[in-house]
Amino acid sequence: QVQLVESGGGLVQAGGSLRLSCLGYGRIFSVRTMSWYRQAPGKQRELVASISGGGTTNYADSVKGRFTISRDNDKNMLYLEMTNLEPEDTGVYYCHGDSRYLGDTLYPERWGQGTQVTVSS
C-alpha cells in the first residue's frame, strides 16, 4: 500500500511561486500514475496535473504554462512547481496515486491528507 504525505503549501501573493511535494510510501509508487488535485471552498475537487510512471504529463487548461508536475521514482517523490500563482489557485491540494494490479494483488488508489495553498490578491 502507498501512503502519501504532502508538504509545501502556504500563503503567497499573486504572481508568486510555490513548490508542493508528496512523499509516497510503498513498493509500487514508481508504476502508479500520480496526480495533484485541488479543492476550493464550495467547489468540487478537480484534477490539476498528472504524470504516468513513464513521465507522460497532463495538465488542466487553467494551469498550463504555469504549473509543472514531476516525479523522482528513486525517492518516491512527486512534485508540483507552481509559478505565476493567481487567487483562483487557492485551495487544498491533494496528492493522488491511482489503483494498480501487481500480479493478482490490487493496490487501491490513495489520497494524501492535503496541503493548503492560499494566494492573496
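**Pocket, sheet and salt bridges**

Tutor: Arg38, Gln39, Ala40, Lys43, Gln44, Glu46, Ser62, Pro87, Glu88 and Thr90 line the largest pocket. This is a predicted model, where local features need pLDDT of at least 70, side-chain atom pairs count only at pLDDT 80 or more, and totals for chains, interfaces and linings use all residues. Residues are numbered from 1 along each chain as its sequence is written, and side-chain values use heavy atoms, without hydrogens or water.

Student: What makes it a pocket and not a cavity?

Tutor: On a 1 Å grid over the protein atoms alone, a cavity is a set of points where a 1.4 Å probe fits but cannot get out, while a pocket is an open set with protein on both sides within 12 Å along at least five of seven lines; lining residues have an atom within 4 Å of a point. The largest pocket here holds about 160 Å³ of space.

Student: How many of its lining residues are nonpolar, polar and charged?

Tutor: Two are nonpolar, four polar and four charged. Ala, Val, Leu, Ile, Met, Phe, Trp, Tyr, Cys and Pro count as nonpolar, Asp, Glu, Lys and Arg as charged, and the others, Gly among them, as polar.

Student: Why is Arg38 called buried?

Tutor: Buried means under 20% relative accessible area, exposed over 50%, and partly exposed in between (1.4 Å probe, protein chains only). Arg38 has 5%, so it counts as buried. Glu46, at 36%, is partly exposed. Gln39 is partly exposed too, with 26%, and Gln39 sits in strand β4.

Student: How do you know that Arg38 and Glu46 form a salt bridge?

Tutor: Their closest N and O atoms are 2.7 Å apart. That meets the cut-off, a side-chain nitrogen of Lys or Arg within 4 Å of a carboxyl oxygen of Asp or Glu. The structure holds seven salt bridges.

Student: What is the distance between the closest N and O atoms of Arg38 and Asp89?

Tutor: It's 2.9 Å, and this pair is a salt bridge as well. Arg38 lies in strand β4 (residues 34-39) and Asp89 in the loop between β8 and β9 (91-97), so the pair ties together parts 51 residues apart in sequence. Arg38 and Asp89 are both buried.

Student: Where do Asp89 and Arg66 lie?

Tutor: Asp89 is in the loop between β8 and β9 and Arg66 in the loop between β6 (57-59) and β7, so this pair ties together parts 23 residues apart in sequence. Asp89 and Arg66 form a salt bridge with their closest N and O atoms 2.8 Å apart, and both residues are buried. Through shared partners, salt bridges join Arg38, Glu46, Arg66, Glu86 and Asp89 into one network.

Student: What is the strand order in the open sheet?

Tutor: The four strands run β1-β3-β8-β7, with antiparallel pairing. Why are β1 (3-7) and β7 (67-72) at the edges? Each has a single partner strand, so one side of each is left without a neighbour in the sheet. The twist averages 15 degrees from one strand to the next.

Student: What makes β3 and β8 a pair?

Tutor: Strands are DSSP runs (E, at least two residues), numbered from the N terminus, and two strands pair if DSSP finds at least two bridges between them. β3 (residues 18-25) and β8 (residues 77-82) have six, in the antiparallel sense. Across from β8, Leu23 stands opposite Met77 and Arg19 opposite Glu81. β1 and β3 qualify with five antiparallel bridges; the bridge partner of Ser7 in β3 is Ser21.

Terms used:
Grid points are joined across faces, edges and corners, and a volume is the space filled by probe spheres set on the points. Axes are lines fitted to C-alpha atoms, for helices over the stretch in contact, and angles run from 0 to 180 degrees between N-to-C directions.
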